[in-house]
Amino acid sequence: MKRKLSLRDSGIELTRSWRGALPAGGRDALRQLIFLVACYAAYDVVRVLVSGREVVAMANAQAIINAEKALHLYVEPFIQAKASHLHALVIFMDWFYGNMHLPATILVLVWIYLYRNDTFRFFRNVFLTMNVLAMTIFAMLPVAPPRMVPTSGVVDTLYLYSTSNYHSGILSLVTDQYAALPSLHIGYALFLSLAIYLLTTNRLARALAVAYPFVVLLAIVITGNHYLLDAVAGVIVLAVAFVANYGIAPQTVPQAMRVYSRDAHE
């Protein structure tokens, strides 16, 4: 005689279905989540370590400004001044800077895990290596962003126009104010761009992947949160992380392919 299904049976079936949606099972998904949470925890530790080093951070910021001036690269005030004539652009860049960085990163990492799980460990290792390198620099070399330097000629547009800024709210509690160099906004943006470009041949996806870092570059300059040399440092940190992991396991570097769904991939 066939047993009637109960609510408990439905719950078990739902759990099995959920686990089946994960390429390597629930335990592996939890393990990867722990890695990423530990990454953020390390960032939070660094934030506490640099607390009270404002004078050093300001001095390092002035050194970067002087270096850019010597190289004729100090264009941040000029770019921000020109952008200020387009108020809608500044508002958009404030929103973009405050809302796209982490959600976009999480979304792409989840997409890689679910649909290109065979490449996830490589990209995860590159991501973690990039963060370790950046956090080491943050701890040893705190740098104030241009928006905090009175002589920079750059203003804090988030403070002027956005309800989400570094003076109040959650941003003031969870971010390291003296982590300008290297720019992880640029590092993350290029990481996402590289991942998408390598993992699909879809033209629209690739076009967006190429454009994304340039929009991020504009955002970090217009909002007054980074110097151009910060962006260069972000590129270098990602390059070192990629090369280091490629040297360890070159066979894991993915090849470009068309990916629409897990069924199509299989």
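Me: What volume does the largest pocket have?
Reply: Quick ground rules: it's a predicted model, where local features need pLDDT of at least 70, side-chain atom pairs count only at pLDDT 80 or more, and totals for chains, interfaces and linings use all residues. Residues are numbered from 1 along each chain as its sequence is written, and side-chain values use heavy atoms, with hydrogens and water left out. A pocket here is an open set of points on a 1 Å grid over the protein atoms alone, with protein on both sides within 12 Å along at least five of seven lines. With volume taken as the space filled by probe spheres set on points joined across faces, edges and corners, the largest pocket comes to about 1300 Å³.

Me: Which helix supplies the largest share of the lining of the largest pocket?
Reply: Lining residues have an atom within 4 Å of a point, and helices are DSSP runs (H or I, at least four residues) numbered from the N terminus. There are 46 lining residues, with Tyr40 and His101 among those nearest the centre. The top contributor, with 10 residues, is helix 2.

Me: How many cavities of 30 Å³ or more turn up, and what volume has the largest cavity?
Reply: A cavity is a set of points where a 1.4 Å probe fits but cannot get out. The search of the whole structure gives 1 of 30 Å³ or more. The largest cavity has a volume of about 50 Å³.

Me: Which helix gives the most to the lining of the largest cavity?
Reply: That lining includes Phe96, Tyr212 and Val216. Helix 5 and helix 11 (203-222) each supply at least two residues. The most, 3 residues, comes from helix 11.
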